[in-house]
Every structure is written in structure tokens, then in C-alpha cells.
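Here's a quick tour of one protein chain, written as a short briefing. Keep the picture open while you read, and try to find each piece as it comes up.

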Amino acid sequence: MFPNMLALTPGQPFTTLPMMPVQAMTQQATRHARRVYVGGLSPTANEQSVATFFSQVMSAIGGNTAGPGDSVVNVYINHDKKFAFVEMRSVEEASNAMALDGIIFEGGPVKVRRPTDYNPSLAAALGPSQPNPNLNLAAVGLTPGSAGGLEGPDRIFVGGLPYYFTEAQIRELLESFGPLRGFDLVKDRETGNSKGYAFCVYQDLSVTDIACAALNGIKMGDKTLTVRRANLGTTQPKPEQENVLIQAQLQVALQRQLFQTGGGLGGGNGGGVATKVVCLTEVVTADELKDDEEYEDILEDMRVEGGKFGTLMNIVIPRPQPNGEPSPGLGKVFLEYNDVEGSSKARSGLHGRRFGGNQVVAVFYPENQFAEGIYDA
């Protein structure tokens, strides 16, 4: 029926029959150990963006062990369920990728796991099954080894943190629900400044969902917190936890109120008693204010930026005296709002921001002294 199928010439040994290339067989046999599961993807993620991202971060942490080039060879995405299978070049690179669990991709943390077809006993003979302990995870904002008890399904992602929040302030807020077993505020490697997100785990794991429910979505300055389990979907508190949740929400509300008036969360940031006037320093220099055109540009920038937080009644930016004499308040910017709510939002939103490479300091200023034109208090 098939005269050409497996046709042998006289004397040809059976072992020379066409066979699958050895490389292809090896790739198929090791595929289960070269793939990683990536869950919690954003709706905008696609094969190219996932491949590029993981190739770049693998290079950044020193996880590429199969030579130069991209470590990712293939990506499959299930858009409905928001997960992907990422195939690496080697078993060792796949194991190194497991250290990337919790990395931020397109604005949120993703979980990195072994796929369900992963066979640990077979994989043990193919290469390392654990990440290299010398990976430079700090290069991508991760803590080596997730030190401090930050492993497991009860790890919490806390995003949308104002950049000027200190570790002590964030811990104080989180510890409204109980002591922490682990905490990590992710910082920029070059500047040491907060990246605006953190991870934590509570000693009492039963409060995990309570904390997420109470903190998620609350406003802090010009930011809105995103608080959820880092590795799992949102879980609602159980009925018996409702009383604890209510008490915790009241505690958070109190801390927010104290923070807005500069009295809570570790004493605030030197904000003092809330007034309608906010004083900014480290924003402008005397040289920038000498030129009329540049002064008008700065005034307009302050009007636009300050107007994001409330209704501005007045803006005062003292300029250098033409005769060279000292000018009271030189280097400061004063923003007067029509109510304390607007000024409180402005102080929280502008404090710690960067303008021209400088970190802004925002504090409340006495209304009576501002009204009298006393700018050097």
C-alpha cells in the first residue's frame, strides 16, 4: 500500500532509519522543566511584551546561563484567565526565573510558579531545580530570598503609596491590624527612594483578608492604595471577622485624619497644624526668579500643579530685590487654598515630589502671617 514507506536498500542497516533530531528530542523531554507559569497578568499583556520583559529582567539579575541572547524562547498567553506559560532556553534559566515571583509587571505583581506538568523527580536529573542564590534580585526591586518571612500565599502587595512615606509610617499603618512577620518597602536601587509599593506578611495570617479589605481603595494624599494578596485573587473576610474589620477600619480612618493634620503616622512630615496655606521649599532658585518670562512660567506651573488639589485663592513666589538686598521668603512658594481640605491634599501630594532634581518639602504656613505678608516665618 505504501511502497516508499520505510524503503530499505539491500544491505542498509535498520539503525539508519530517519529519526527525530536529538536536539528536538531533548527539547521535548526537558520542556516541562523549562517552562514557568506566570499568573495575574494585566489585560494589556501580550506575547511580545511578556517575552521582552522576562528576557530583560533575567539578564538584569544575572539569570542567563545559556549564553548571550534572550532567555525566553516562547510565550503562550490565556487572555481570559490572565496567565501565561513562558518557555526558557534551559532548565537552569527556568529555575532562576522562579526567583521572580512577585515582580511588578505593567503596574501589578505577577506570580511565577512551576506549571502543573512539572515533574520534580525527572527535573532533578536535568539541571538545578532551585534559583541561583547569587542572583542580583535587587536590580529589579526584589528582596533576595524574600527575607523576613515574605513567602507564601498570605503575602500582601501594598501599592499606590505616596513616595514620601517612610518605612516607619507604612509599618504603623499596616500594624493597625496586628504585628508583621515580614515587611519590604521596595526602593530604587540608584536613589534609594521608595518606588511606591511594598510587601508584607502578618504574624497572624487570619487578618490578611481583613487588612486587604480595610486598606484597599483608601485615599492617602493624592494616591489611592491598592492592597491585595500578592499571589492570589481577592478573598473577602469571613462573617466572624466583620467586627475586627470594622474596628480596623475605624483605626485606619483615625490615622488618616491624624496624618492629614500632620500629627499621625510617625508625626507626619513636619506638616504642623493644618491651615489653608502651604509653603513649598526646594522648588525654585533665586536665579530662576530673576527673569520675568521664566518667573511667569514658574507661576503658571504652580497654578496648574497646585490647582489639582483644590481651589487656589492666591500664589505668592517672592522674587530677588533689584538692589540685591535680602528678600524675605526667597526660594519659597506659597499656595493659599479656599479650604483646609484642599491645602491638606496639596501638602500630602507635593511633599517628597521631585522638581528639577530637588525633593520638595511641603508644610502648612500660619494664615495670619501669610495675610500680613510675613514670608520668612
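A residue counts as buried when its relative accessible area is under 20%. With that cut-off, 4 of the 5 residues of β15 are buried, so this strand is largely enclosed by the rest of the structure. Keep in mind that you're looking at a predicted model.

- Strands of a sheet pair through backbone hydrogen bonds, and they can do so in a parallel or an antiparallel way.
- Here you have an open sheet of 4 strands, in the order β14-β15-β13-β18, and the pairing is antiparallel.
- The edges belong to β14 (312-316) and β18 (361-365); each has a single partner strand, so one side of each is left without a neighbour in the sheet.
- Going from one strand to the next, the twist averages 20 degrees.

**Who pairs with whom**

- β15 covers residues 333-337 and pairs with β14 over 4 bridges, in the antiparallel sense.
- β15 also pairs with β13 over 4 bridges, again antiparallel.
- Which residue of β15 is the bridge partner of Val 316? That's Phe 334.
- Phe 334 is also the bridge partner of Cys 279.
- Another bridge to find joins Asn 314 to Glu 336 in β15.

**Helices on the sheet**

- Helix α9 (residues 292-306) lies across β13 (277-281), β14 and β15, and it runs at about 145 degrees to β14.
- Helix α10 (residues 340-350) packs on the sheet too, touching β13, β15 and β18, with its direction at about 160 degrees to that of β18.

**Aromatic rings**

- The structure has 14 aromatic pairs.
- Take Phe 157 and Phe 199: their ring centres are 5.7 Å apart and their planes make 55 degrees, so the pair is tilted.
- This pair links distant parts of the chain, since Phe 157 is in strand β7 (residues 156-159) and Phe 199 is in strand β9 (residues 194-202), 42 residues apart.
- Elsewhere, Tyr 37, Tyr 76, Phe 83 and Phe 85 form one aromatic cluster.

**Charges over rings**

- Phe 199 comes up again here: Arg 155 lies over its face, 4.8 Å from the ring centre.

Technical notes:
Residues are numbered from 1 along each chain as its sequence is written. This is a predicted model: local features need pLDDT of at least 70, side-chain atom pairs count only at pLDDT 80 or more; totals for chains, interfaces and linings use all residues. Side-chain values use heavy atoms; hydrogens and water are left out. Two strands pair if DSSP finds at least two bridges between them. Helices (H or I, at least four residues) and strands (E, at least two) are DSSP runs, numbered from the N terminus. Axes are lines fitted to C-alpha atoms, for helices over the stretch in contact, and angles run from 0 to 180 degrees between N-to-C directions. Contact means heavy atoms within 4.5 Å. Rings of Phe, Tyr and Trp (its six-membered ring) pair if their centres lie within 6.5 Å; planes under 30 degrees apart count as stacked, over 60 as edge-to-face and the rest as tilted. A charge sits over a ring if NZ of Lys or CZ of Arg is within 6 Å of the ring centre and within 35 degrees of the ring normal. Buried means under 20% relative accessible area, exposed over 50%, partly exposed in between (1.4 Å probe, protein chains only).
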